[in-house]
Amino acid sequence: MAVLRFPERFVWGTATSAYQIEGAWDEDGRSPSHWDTFAHTPGKTRNGETGDVACDHYRRWPEDMALMASLNIQAYRFSVSWPRILPNGGNQINEAGLDHYDRLVDGLLEAGIRPFITLYHWELPQTLQDAGGWPERSTVDHFVQLADVVSRRLGDRVHNWITHNEPWCTSMLSHQIGLHAPGWRNWPAALAAAHHVLLSHGTAVPAIRANAPQAEVGIAPNYEPAYPLTRSPEDIEAARIWDGYYIRWFNDPLFGRHYPADMVAYYQEKGYLPHGLNFVQPGDMETIAVPVDFIGINNYTRQIMSGKVSLDQFQTAASPNPNATYTEMNWEVYPDGLYDLLNRLHFDYQAPKIYITENGCSYGDGPDKNGRIHDTRRIDYLRSYLTGVHRAIGNGVPVAGYFVWSFMDNFEWSLGYSQRFGMVYVDYQTQQRLPKESAYWYKDVISHNQLETM
Ligand code: GCO
């Protein structure tokens with residue numbers, strides 16, 4: 001056994017998002033988001049499940065906060081629900097909705113928990129979706145208005161801001177693959193959406209800083225690194241395309257490198273950019289490349305690429321690894337992927353500071369007859385990834401904190417309630433919360449600021 005100490009002031013946190021936990025979907029003036037519409041459309045989610053009730057966190061948050069504090073959690077990353085705050089997308093503030101987050105922030109601070117706010121974790125007011133959604137440039141201004149309203153109200157107390165959660169999901173998964181709201185399968189629209197998401201990030205950063213001068217502002221892309229199955233030119237080429245599609249298309253503009261030329265050529269050849277990069281206007285790339293205080297990394301797994309890539313058949317892009325273990329999402333447990341990413345973000349992109357804003361795993365373990373939940377596979381997963389994080393810190397990578405996805409079991413989007421990512425078990429019949437063994441293990445890690453390896 002070895003003991004791995006983490007740097008002083010390393011931030012230990014946990015993450016959720018509004019639609020996945022809050023419920024109360026039509027209360028206190030909240031309007032529907034495009035996820036409400038999508039989840040209520042037959043065939044879009046498993047068993048037609050929705051976030052209408054979810055974990056009822058909108059009402060139960062004081063209890064959830066207390067549980068978080070009892071587990072010594074130091075920071076909580078949560079998202080605000082746009083249609084709660086600006087039910088029409090912009091203009092008219094719904095004070096009841098904004099007040100909710102005001103109370104939540106005060107509650108967190110009283111409990112000694114540092115709030116990290118995500119402004120967009122996939123809840124676009126349906127009115128904005130009806131107006132064209134992210135493929136429309138006007139959505140950028142609406143998002144900046146949300147950023148302004150929320151940071152104006154909470155910026156005196158909240159010092160960590162994340163503009164967007166996972167731009168790849170907002171654009172490609174939602175508009176090209178069609179698995180998330182609004183469920184489109186339209187390449188040109190998806191690439192326009194990607195640009196507008198990035199542009200809205202770049203435009204919002206100075207707006208947030210104006211309201212919260214002390215704040216750290218960043219973004220949280222999801223990174224699924226690609227590895228070629230063999231050293232054959234085909235496999236290496238496949239990995240390059242996956243990397244361009246998933247990582248570089250977003251990361252390169254954020255770091256001032258414009259859209260990657262090899263991928264522009266690839267998309268043009270495929271007919272995905274029938275009008276070229278006509279969505280890019282003068283000044284956009286400079287706006288997107290605004291310096292951030294940190295990059296958030298959401299990482300769970302990797303892709304092994306071989307042969308010909310078909311980005312339209314997303315599900316079949318991966319090759320299974322016969323020597324690996326998989327979580328119940330069918331995601332390979334691959335801690336070196338996070339380690340490699342951290343090095344890349346530091347040595348290649350020179351990210352100023354990094355928070356791992358999501359990392360975790362889905363395992364369905366439930367209570368035994370004594371009411372205990374032995375989710376040892378989750379402990380093994382977290383321990384292995386954290387070992388990689390520690391190793392990267394040893395290389396000089398400026399990792400400032402780590403957030404487990406998720407605090408509690410919740411609504412896993414199109415997979416409904418079938419996937420349990422929480423360190424806290426939720427009984428959806430009674431809404432009872434029950435910390436799993438991993439929660440107590442994490443408490444121990446936090447309390448000693450160190451990890452014991454096996
Ligand atoms: C995501 C989201 C989370 C998911 C988690 C597990 O990144 O996809 O941020 O909402 O629940 O990643 O899939």
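Predicted model: local features only at pLDDT ≥ 70, side-chain atom pairs only at ≥ 80, totals over all residues.
User: What joins Ala181 and Pro182?

Analyst: As a general idea, most peptide bonds are trans. Here, however, a cis peptide bond joins Ala181 and Pro182, with omega at about 10 degrees. A cis bond is also found from Trp405 to Ser406, again with omega near 10 degrees, and Ser406 has its place in the loop between E11 and strand E12 (424-427).

User: How should I read the way helix H8 and helix H9 cross?

Analyst: The idea is to take the angle between the two axes, where a value over 145 degrees counts as roughly antiparallel. The axes of H8 (residues 167-175) and H9 (residues 187-211) come within 8 Å and cross at roughly 165 degrees, which makes H8 roughly antiparallel to H9. The crossing in which H8 passes H9 is right-handed.

User: Which residues in H8 and H9 meet?

Analyst: From H8 come Pro167, Thr170, Ser171, Met172 and His175, and they meet Trp187, Ala190, Leu191, Ala193, Ala194 and Val197 in H9. Sorted by class, the residues of this contact divide into 8 nonpolar, 3 polar and no charged.

User: Which strands does H8 lie across?

Analyst: H8 lies across strand E4 (114-120), strand E5 (160-165) and strand E6 (216-220), and H8 runs at about 15 degrees to E5. These strands belong to a closed barrel of 8 strands, which runs E2-E3-E4-E5-E6-E8-E10-E11 with parallel pairing. On average, and with direction ignored, neighbouring strands of this sheet are turned by 25 degrees against each other.

User: How many bridges pair strand E2 with strand E11?

Analyst: Strand E2 (residues 11-15) and strand E11 (residues 399-405) pair in the parallel sense over 5 bridges, and within this pairing Val11 stands opposite Gly401 in E11. Helix H15 (residues 437-448) lies across E2 and E11, running at about 155 degrees to E2.

User: At what angle do H14 and H15 pack?

Analyst: Helix H14 (residues 376-394) packs with H15 at an angle of about 35 degrees, the axes being 8 Å apart, and their crossing is right-handed. In H14, Thr376, Arg378, Ile379, Leu382, Arg383 and Leu386 meet Glu437, Ser438 and Trp441 in H15. By class, this contact has 4 nonpolar, 2 polar and 3 charged residues.

User: What is the phi of Ala54, and what is that of Trp413?

Analyst: The general idea is that most residues other than glycine have a negative phi. Ala54 has a phi near 50 degrees, a positive value in a residue other than glycine, and Trp413 likewise has a positive phi, near 50 degrees. Ala54 lies in the loop between helix H2 (34-39) and helix H3 (57-70), whereas Trp413 is found in the loop between E11 and E12.

User: Are Ala54 and Trp413 buried or exposed?

Analyst: With 4% relative accessibility, Ala54 counts as buried, and Trp413, at 3% relative accessibility, counts as buried as well.

Methods: Residues numbered from 1 in each chain as written. Heavy atoms only, no water. Axes fitted to C-alpha atoms, helices over the stretch in contact; angles between N-to-C directions. Helix = DSSP H or I, 4+ residues; strand = E, 2+ residues; numbered from the N terminus. Parallel < 35°, antiparallel > 145°, perpendicular 65-115°, else oblique. Left-handed = near helix turned anticlockwise from the far one by under 90°. Contact = heavy atoms within 4.5 Å. Nonpolar A, V, L, I, M, F, W, Y, C, P; charged D, E, K, R; others polar. Pairing = 2+ DSSP bridges. Buried < 20%, exposed > 50% of the residue type's maximum accessible area, 1.4 Å probe, protein only.
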